[in-house]
Amino acid sequence: MQNKSLLNAKGLTLTALLVAMAILLKSFLSFETGSFRFTFYEIPMVFIGALFGPVVGGISGFIVDFFHVLFSPWAFSFNVFTISNMLWGIIPGLLIFSRNWKKRTLLVTLILSFLLTFALNTIGIVQFQGTGAMLATLPYRVLIMLIKVPLDMYFILLLHERVFVQHSVLINEN
């Protein structure tokens with residue numbers, strides 16, 4: 001993978017497109033209750049971090065969460081959920097950015113991201129809704145996490161191969 005920069009119009013446009021996709025997936029194309037959400041917003045966030053690095057990934061995660069707070073009746077302003085969302089861009093930025101895409105590295109990145117965000121979201125649910133709500137949703141959240149790891153892995157590899165490699169989206173044009 002080539003080192004990608006936001007200093008050109010193509011990089012900035014790609015980042016904005018991926019942020020918009022993440023906002024749509026998180027806020028509008030998801031199943032959500034007060035303490036439970038099923039969505040695939042993390043897929044564009046992983047791409048942002050992997051293509052542009054941990055700083056851009058973290059800032060993008062903050063932007064996605066900011067807009068989610070505006071659109072969702074269950075979202076809270078800045079808290080551990082925001083940090084959790086930022087991790088979806090930071091961790092791939094630390095582990096994949098400026099490296100070749102390997103299945104093992106992507107799998108480790110996804111598992112680490114899921115575990116850290118799961119832990120932070122659990123803390124957030126306890127803070128805002130209490131231990132009872134956390135315990136009530138824990139089995140569903142664990143099941144969703146176990147289902148989403150292979151699905152995310154499949155979709156990320158598929159999109160990487162079919163969009164970014166075949167259509168040369170990663171080529172840096174000056």
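1. A residue is called buried when its relative accessible area is under 20%. Trp88, at 3% relative accessibility, is therefore buried in this predicted model. Phe114, at 7%, falls under the 20% limit and is likewise classed as buried.

2. Trp88 and Phe114 also face one another as an aromatic pair. Their ring centres are 4.9 Å apart and their planes stand at 85°, so the contact is edge-to-face. Because Trp88 belongs to helix H4 (residues 80-95) and Phe114 to helix H5 (residues 103-129), the pair ties together parts that are 26 residues apart in sequence.

3. The model contains 6 aromatic pairs. One of them joins Phe40 and Phe155, again edge-to-face, with 6.0 Å from centre to centre and 80° between the planes. Phe40 is located in the loop between strand E2 (37-38) and helix H2 (42-52), while Phe155 is part of helix H6 (residues 131-165), so this pair ties together parts 115 residues apart in sequence.

4. The accessibility of Phe155 deserves a separate remark. Its value is 31%, and Phe155 therefore counts as partly exposed, given that this class lies between the limits of 20% and 50%.

5. Ring pairs also form a cluster, whose members are Phe28, Phe66, Phe67 and Phe71.

6. Lys26 lies over the face of Tyr41, at 4.7 Å from the ring centre. Arg141 lies over the face of Phe118, where the distance to the ring centre is 4.3 Å.

How values were computed:
Residues are numbered from 1 along each chain as its sequence is written. This is a predicted model: local features need pLDDT of at least 70, side-chain atom pairs count only at pLDDT 80 or more; totals for chains, interfaces and linings use all residues. Side-chain values use heavy atoms; hydrogens and water are left out. Rings of Phe, Tyr and Trp (its six-membered ring) pair if their centres lie within 6.5 Å; planes under 30 degrees apart count as stacked, over 60 as edge-to-face and the rest as tilted. Helices (H or I, at least four residues) and strands (E, at least two) are DSSP runs, numbered from the N terminus. Buried means under 20% relative accessible area, exposed over 50%, partly exposed in between (1.4 Å probe, protein chains only). A charge sits over a ring if NZ of Lys or CZ of Arg is within 6 Å of the ring centre and within 35 degrees of the ring normal.
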